[in-house]
Amino acid sequence: MKLTYYGHSCFLVEVKGKKLLFDPFITYNELAKDIDVNSIEADYILLSHGHADHIADAVSIASRTGATVVASWEIHEWLNKQGITATHPMNTGGKWSFDFGTVKCVVAQHSSGLPDGSYGGNPMGFLCMTDEGNFYYSGDTALTLDMQLIPVWSKLDFSILPLGDNFTMDVEDAVRCADFVQCNRVVGVHYNTFGFIKIDTEAAKQSFAAAGKELFLPPIGASIDL
């Protein structure tokens, strides 16, 4: 599978001819100023929670592309009010088979308020299981023992985990998460965008390497094969 990183926690995975865009926050991210948001295509948009730094571009991209948006019930209702009707509501513990594979919503320990101050439902992670491979996106979360359930459901090819600390796991907890989910290939997200989440990227790579794991930190706009 090919993963393209658009900064912060926004990335696109191409699987079975479909483009899956996660947590689009590009227009308001100064680090992603060279990304043309209007050139991004998507068949699906998956939203882990309602914070602006994860859904700021969801309405505009969904409107332009006609992508189906997968999100919590509360975000689904909020999107409908914004004129986005191609939505698929889900909630923690549930799964659904789409044309690219199966998505299971898993626990994320975080919060989820929408930009207008309304409630955004449960924050979630996504376990995506496809014929071309399986991956786990934790969303914004603390380290939780629930992560140990992931290998019960699926053997992972890679994981996407936050590293920035302050609002989410730090590097050390992300390494522990990789142990819990039994995955040695990790793409790091949710770091360096703001002052609160600055990290030492070389030290982070060394921490993963010391644990026998590989940490991918692709430049914004870059694609990697996983």
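**Salt bridges, cores and a buried threonine**

Q: How many salt bridges does the count come to?
A: The count comes to seven salt bridges, a salt bridge being a side-chain nitrogen of Lys or Arg within 4 Å of a carboxyl oxygen of Asp or Glu. This is a predicted model, in which local features need pLDDT of at least 70 and side-chain atom pairs count only at pLDDT 80 or more, while totals for chains, interfaces and linings use all residues. Residues are numbered from 1 along each chain as its sequence is written, and side-chain values use heavy atoms, with hydrogens and water left out.

Q: Okay, which residue does E14 form a salt bridge with?
A: E14 pairs with K2, and the closest N and O atoms are 3.5 Å apart. E14 belongs to strand β2 (residues 11-15) and K2 to strand β1 (residues 2-5), so the pair ties together parts that are 12 residues apart in sequence. Strands (E, at least two residues) and helices (H or I, at least four) are DSSP runs numbered from the N terminus.

Q: What about D131, which residue is its salt-bridge partner?
A: D131 forms a salt bridge with K16, the closest N and O atoms being 3.1 Å apart. This pair links distant parts of the chain, since D131 sits in the loop between β9 (124-130) and β10 while K16 sits in the loop between β2 and β3 (18-22), 115 residues apart. D131 is exposed, with a relative accessible area of 70%, whereas K16 counts as partly exposed at 36%.

Q: Which residue does K18 meet in a salt bridge?
A: The side chain of K18 meets that of D99, at 3.6 Å from N to O. Distant parts of the chain are linked here too, with K18 in strand β3 and D99 in the loop between β7 (95-97) and β8 (102-107), 81 residues apart. K18 is partly exposed, with a relative accessible area of 26%, and D99 counts as partly exposed at 45%.

Q: Changing topic: how many residues are in the largest nonpolar core?
A: The largest nonpolar core has 52 residues, and those with the most contacts inside it are L3, F22, F126, F135, Y136, I160 and L163. A core of this kind is a set of buried Ala, Val, Leu, Ile, Met, Phe, Trp, Tyr and Cys residues joined through side-chain atoms within 4.5 Å. Apart from it lies another core, of 24 residues, among them L12, I35, V37 and L79.

Q: Which residues is F135 in contact with?
A: Leaving aside neighbours within four places in sequence, F135 is in contact with M1, V13, L20, F22, F126, L127, C128, L156, F158 and I160, where contact means heavy atoms within 4.5 Å.

Q: Last one: is T141 buried or exposed?
A: T141 is buried, with a relative accessible area of 0%, and its place is in the loop between β10 and α4.

Q: So which residues does T141 touch?
A: Not counting residues up to four places away in sequence, T141 touches A108, Q109, M147, P162, T168 and M169.

Definitions and conventions
Buried means under 20% relative accessible area, exposed over 50%, partly exposed in between (1.4 Å probe, protein chains only).
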